[in-house]
Amino acid sequence: MAQLLLVEDDLAIRTSLIRALGERGHAVTSTATAMAGLQAAVEPGVELVLLDLGLPDLDGLTLLTMLRAVTRVPVIVTTARDDEQEIVRLLEAGADDYVVKPFTAEQLNARIRAVLRRSADTDGGAGPLEIGGLRVDPRSREASLDGASLQLARKEFDLLLFLAARAGEVVSKQTLLAEVWHQPYGGSDKTVDVHLSWLRRKLGETASTSRYLVSVRGVGVKLAVPDP
Ligand code: CA
């Protein structure tokens with residue numbers, strides 16, 4: 001059904017969840033610490049993270065914030081505390097949903113399926129994206145500008161698609177490294193800069209005469225509809 005990452009330090013809970021979710025058709029990988037979870041969350045293929053809030057090395061809110069800095073993968077938090085303020089803080093920090101312990105595998109599975117459905121919807125169901133004269137089709141992996149086809153290398157296309165799906169939103173280079181190149185830590189911004197400059201050339205623009213690809217100094221880059 002889905003590739004899940006379980007971050008849970010309690011061995012008994014971990015073991016029983018891996019079994020229960022496996023029986024419901026999910027493939028589950030797991031880590032017992034926050035730091036290992038953070039690294040595993042950006043591995044290619046992870047579709048959803050189940051995050052225990054009581055971890056030995058980092059508090060859950062900090063981990064969630066760090067996770068959100070590098071990936072948009074859906075996160076369901078599991079918490080022992082039924083504390084409304086805490087839950088509001090978690091949702092605001094980027095959790096997609098939560099379950100309060102003890103919970104049944106049935107309930108958790110229903111929440112997993114609901115979150116995955118929602119995230120599939122917001123990913124646009126893979127229909128073509130149009131930003132001004134730019135058209136990006138994730139299914140056929142074709143892109144065009146003002147009706148003229150763009151010849152893009154694989155990573156150039158991935159980069160353009162990632163930005164097009166978030167048009168108008170500034171995306172940091174670290175996020176691009178994590179999501180497009182799957183290099184979360186210590187990766188070099190240079191990789192992103194080089195691909196951005198190639199992509200710009202193909203879009204007929206440069207950093208100083210940018211139209212679609214707008215750099216926001218010290219923050220990142222966004223794809224935007226150019227001023228007429
Ligand atoms: Ca725990």
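Donors are N, O and S atoms within 3.2 Å of the metal in the case of Ca. The model in these exercises is predicted.

**Exercise 1. The calcium site**

Find which residues are the protein donors of the calcium ion, and give their spacing in sequence.

*Solution.* 
1. List the donors. They are Asp-9 (OD), Asp-52 (OD) and Gly-54 (O), lying 2.3 Å from the calcium ion.
2. Write the spacing. The donor residues follow D-x42-D-x1-G.
3. Classify Asp-52. Its relative accessible area is 4%, and buried means under 20%, so Asp-52 is buried.
4. Classify Gly-54. Its relative accessible area is 46%, between the 20% and 50% limits, so Gly-54 is partly exposed.

**Exercise 2. Helices H6 and H8**

Describe how the axes of H6 and H8 cross, and name the residues that make the contact.

*Solution.* 
1. Two packed helices are described by the angle and the distance between their axes.
2. Apply them. H6 spans residues 154–164 and H8 spans residues 189–202; their axes come within 10 Å and cross at roughly 85°.
3. Name the geometry. Angles of 65 to 115 degrees count as roughly perpendicular, so H6 and H8 are roughly perpendicular to each other.
4. Name the residues. H6 contributes Lys-155, Glu-156, Leu-159, Leu-160 and Leu-163. H8 contributes His-195, Leu-196, Trp-198, Leu-199 and Lys-202.
5. Sort them. Six are nonpolar, one is polar and three are charged.

**Exercise 3. Ala-110**

*Solution.* 
1. With a relative accessible area of 46%, Ala-110 is partly exposed.

Note on methods. Residues numbered from 1 in each chain as written. Predicted model: local features only at pLDDT ≥ 70, side-chain atom pairs only at ≥ 80, totals over all residues. Heavy atoms only, no water. Donors = N, O, S within 2.8 Å, 3.2 Å for Na, K, Ca; no water. Buried < 20%, exposed > 50% of the residue type's maximum accessible area, 1.4 Å probe, protein only. Axes fitted to C-alpha atoms, helices over the stretch in contact; angles between N-to-C directions. Helix = DSSP H or I, 4+ residues; strand = E, 2+ residues; numbered from the N terminus. Parallel < 35°, antiparallel > 145°, perpendicular 65-115°, else oblique. Contact = heavy atoms within 4.5 Å. Nonpolar A, V, L, I, M, F, W, Y, C, P; charged D, E, K, R; others polar.
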